[in-house]
Amino acid sequence: MKIIQLVIISIFLSCLQGVAQPNSSAQYILLKPDRIFDGQQIHINWYVLVKGNHIEAVGEPASIKTPASAKIVDLKGMTLMPGLIEGHSHLFLHPYNETSWNDQVMNESRAERTVRAVEHARATLMAGFTTVRDLGTEGAAYDDVGLKTAINKGIVPGPRMLVATRAIVTTGAYGPKSNVAESHPLLGAEEADGVEGVSRVVRSQIGYGADVVKLYADYWATDEGATPTFTVDELKAAVAVANSRGRQVVVHSGSEEGMRRAILAGASTIEHGDGGTPELFKQMKAKGIALCPTLAATEANDIYRGWKKGIDADPENVKAKRTMFRNALKAGVTICMGGDVGVFAHGDNAREMLLMVEYGMKPIDVLRSATSVNAQVFKLKNLGNIRAGFLADLVAVEGNPTEDIKVVKQVRLVMKEGVAYLQK
């Protein structure tokens with residue numbers, strides 16, 4: 001038995017009497033919460049029967065044939081939900097008020113950044129996020145592939161990962177920047193130019209283990225701000241190559257023109273979306289392109305600059321972000337829950353969910369976004385819903401998050417593929 005499984009089981013046994021090894025194919029666990037959010041809606045007085053790594057049955061108690069050997073876990077007062085899915089994370093970054101992005105990329109060793117990422121993965125899992133889409137190591141090369149492998153092998157605890165490895169930028173667009181023209185600092189992403197160059201780098205990153213391909217459509221690490229980098233043809237080439245290998249293309253975009261090009265190219269998701277307009281959102285809706293708005297990162301950066309939320313007037317970029325988000329909702333664009341965590345603390349992922357409600361989204365729609373919607377958009381099979389045959393990724397929180405979204409931070413039980421973790 002792997003060491004980490006022993007530790008997990010010991011924690012679980014010490015807190016829940018009589019619950020044996022949950023990842024055994026012969027072991028049944030009956031979870032009895034007050035209510036279940038199944039990825040779509042709330043059900044009162046439903047139970048979930050787990051067998052090994054999957055959900056055996058879910059529904060009203062009388063409909064579930066519970067073996068006499070099943071261990072009973074009473075989750076009184078709690079809501080049981082599918083494991084939450086983080087749509088935009090950077091496990092190899094930590095909050096910028098601790099260390100600036102430039103200093104992390106240039107001055108922290110790869111070993112230090114990997115050790116931090118291991119701890120970030122654990123914190124993420126214990127916050128109820130059993131899956132993450134990690135969108136770039138920001139200078140840590142392909143170390144996200146190694147972290148994903150270590151988690152999958154049970155060496156360290158963490159969420160399952162969809163990784164983007166290095167991410168892709170045009171020459172000269174990304175940082176860190178140096179005042180010395182001859183210096184060549186380690187960049188936070190891989191440079192590529194032209195249709196052939198972009199195609200080659202997309203193939204290379206997939207070869208090194210990328211599950212998704214990320215491009216920056218309009219980022220310049222200078223005072224030029226968010227202006228376009230890749231051409232439409234370059235973006236289309238990336239999409240064609242990635243899609244042919246079964247990978248989605250994720251596009252960072254903060255400008256109107258960058259978003260327009262990403263939409264024309266057929267990106268699967270657009271990250272941030274600050275330049276979104278009602279017309280662009282109409283196009284995204286028509287083409288089935290989802291938006292990952294990263295509200296929490298915007299607010300976090302302003303807080304680091306001295307903004308006191310609730311006391312000071314909202315900065316202009318926060319006002320603009322709120323307007324953008326509401327326009328996207330009005331247009332019916334699919335919204336992915338993803339906060340750009342790493343800009344702010346790992347384990348505080350649910351901060352994005354609270355802001356989504358604050359900015360105008362219904363709590364139950366936010367729960368869907370963080371579970372079934374993200375699973376569908378990211379093409380994750382047997383995840384994001386509580387259904388028979390699905391993987392036993394389950395999270396219990398105090399209270400009812402459809403009435404008070406803040407309780408998603410009050411995590412009491414986390415289960416990933418039938419292995420139970422508990423946080424009090």
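Strand E11 (residues 212–216) is mostly covered, with five of its five residues buried; buried here means under 20% relative accessible area, exposed over 50%, and partly exposed in between (1.4 Å probe, protein chains only). Helices (H or I, at least four residues) and strands (E, at least two) are DSSP runs, numbered from the N terminus. The model is a predicted one, so local features need pLDDT of at least 70 and side-chain atom pairs count only at pLDDT 80 or more, while totals for chains, interfaces and linings use all residues. Residues are numbered from 1 along each chain as its sequence is written, and side-chain values use heavy atoms, with hydrogens and water left out.

E11 runs parallel to strand E12 (residues 248–253), and five bridges join the two; strands pair if DSSP finds at least two bridges between them. Within this pairing, Val213 has Val249 of E12 as its bridge partner.

Just past the end of H7, Gly266 takes a positive phi of about 90 degrees.

Now for the charged side chains. A salt bridge is a side-chain nitrogen of Lys or Arg within 4 Å of a carboxyl oxygen of Asp or Glu, and by this rule the count comes to 22. One of them pairs Arg305 with Asp302, with the closest N and O atoms 3.1 Å apart. Arg305 counts as exposed because its relative accessibility is 61%, whereas Asp302, at 7%, counts as buried.

Another salt bridge holds Glu398 and Arg412, and here the closest N and O atoms are 3.3 Å apart. This pair links distant parts of the chain, 14 residues apart: Glu398 sits in strand E15 (residues 394–398) and Arg412 in strand E16 (residues 411–416). Glu398 is partly exposed at a relative accessible area of 25%, and Arg412 is partly exposed at 24%.

Lys406 and Asp404 also meet in a salt bridge, at 3.1 Å from N to O; Asp404 is partly exposed, with 29% relative accessible area. Finally, Glu108, Glu112 and Arg116 are linked in a network of salt bridges.
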